[in-house]
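Visitor: I would like to learn how to read a structure feature by feature. Could you take me through one slowly?

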Amino acid sequence: MDIDAIHKEIDQWIHEYLDVPSEFYNGLKPCPFALKAWKDNKTKILIGDASTVEEEISNWDSSYDLVAIAYDPDLWSDKDADDWAEERNKILANDNLYLMVSASQDEVQDPEYDMDHLPCHVDFVYGLVFIQCLSELNKYSEMLDKQGYYDNCSKDFMTYITTRKKAEHARKKENG
C-alpha cells in the first residue's frame, strides 16, 4: 500500500464528497467537520493493522480529531476488523475513544455519492479504521441530529449511532 496515494484519495474524498452539501443529509455536508480537521492538520493517516490501532489507542494524541489506519483486507478481513472494533468499543468507551471501520467496498447510503468520475489514486483495495474521541463524536452527532442530518439514514446506521451514544452514557454513569 502507498500512503501518499491513500492520502491523495482521502483528500479527494473530502473535497469532492464529504464537504459538498447533499439532499440525503437534509442539505448538510456528509461530514461537515472533515475539511476543517483536514486543513488544520487534525487528522493522521497511517498504514497498519490491529497492532497499529492498539498502539495509537495506547498513545492517543488528543491534538488529533481523527486518526485513520488504512489496512489490507486480504490480511485483515473487513468483517474481522468490524467485529474486532465492535468488541474493542465496549472497552474503549471508558477511555473516551471510539473505533469505526470503513471498508473501501462499503455501500454508501447517499444516492448522490458518485466518485467514479474522478481520477483514482490507488490501484489496491483498503479499509480504514477511524479512531476518534467518543464524547466529541457524540457532541457533533447531536448537533447534526437537531438539523435533520439523520432523517434518511438506514435503521442499521441509526442503530450504530444509538450504540455509540449508549457507550458514552455508560462511561459517564460509571465515572460519576
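Visitor: Which residue just after helix 5 takes a positive phi?

Guide: Before the answer, a word on the model: it is predicted, so that local features need pLDDT of at least 70 and side-chain atom pairs count only at pLDDT 80 or more, while totals for chains, interfaces and linings use all residues. Residues are numbered from 1 along each chain as its sequence is written, and side-chain values use heavy atoms, with hydrogens and water left out. The residue is G148, which takes a positive phi of about 80° just after helix 5.

Visitor: Which residues other than glycine have a positive phi?

Guide: Among them are N26, with a phi of about 60°, and N41, with a phi near 55°. N26 lies in the loop between helix 1 and helix 2 (34-39), whereas N41 is found in the loop between helix 2 and strand 1.

Visitor: How are helices and strands assigned?

Guide: They are DSSP runs numbered from the N terminus, where a helix is H or I over at least four residues and a strand is E over at least two. Helix 5, for instance, covers residues 134-146, has 13 residues and reaches 19 Å from its first C-alpha to its last, close to the expected 18 Å; that expected span is 1.5 Å times one less than the number of residues.

Visitor: Which residues of helix 5 are buried, and where do they fall around its axis?

Guide: Buried means under 20% relative accessible area and exposed means over 50%, with partly exposed in between (1.4 Å probe, protein chains only). The buried residues of helix 5 are L134, L137, N138, S141 and L144. Seen down the axis of helix 5, these buried residues fall within an arc of 120°, so they line one face of the helix; the arc is that of the directions from the helix axis to the C-beta atoms.

Visitor: What is I6 in contact with, leaving aside its neighbours within four places in sequence?

Guide: Contact means heavy atoms within 4.5 Å, and with those neighbours left aside I6 is in contact with M1, I45, I47, A70, V122, F124 and Y126. I6 has its place in helix 1 (residues 3-18) and counts as buried because its relative accessibility is 0%. The C-alpha atoms of I6 and Y126 are separated by 8.9 Å, although the two residues are 120 apart along the chain.

Visitor: Where is L46, and what does L46 touch beyond four places in sequence?

Guide: L46 has its place in strand 1 (residues 43-47) and touches I3, T52, E56, V67, A68, I69 and A70, not counting residues up to four places away in sequence. At 22% relative accessibility, L46 counts as partly exposed. L46 and I6 are 40 residues apart in sequence and 9.2 Å apart in space, C-alpha to C-alpha.

Visitor: Is S102 buried or exposed?

Guide: S102, found in strand 3 (residues 97-103), is buried because its relative accessible area is 19%. Leaving aside its neighbours within four places in sequence, S102 is in contact with G127, L128 and F130.

Visitor: How exposed is I3?

Guide: I3, which lies in helix 1, is partly exposed, with a relative accessible area of 33%.
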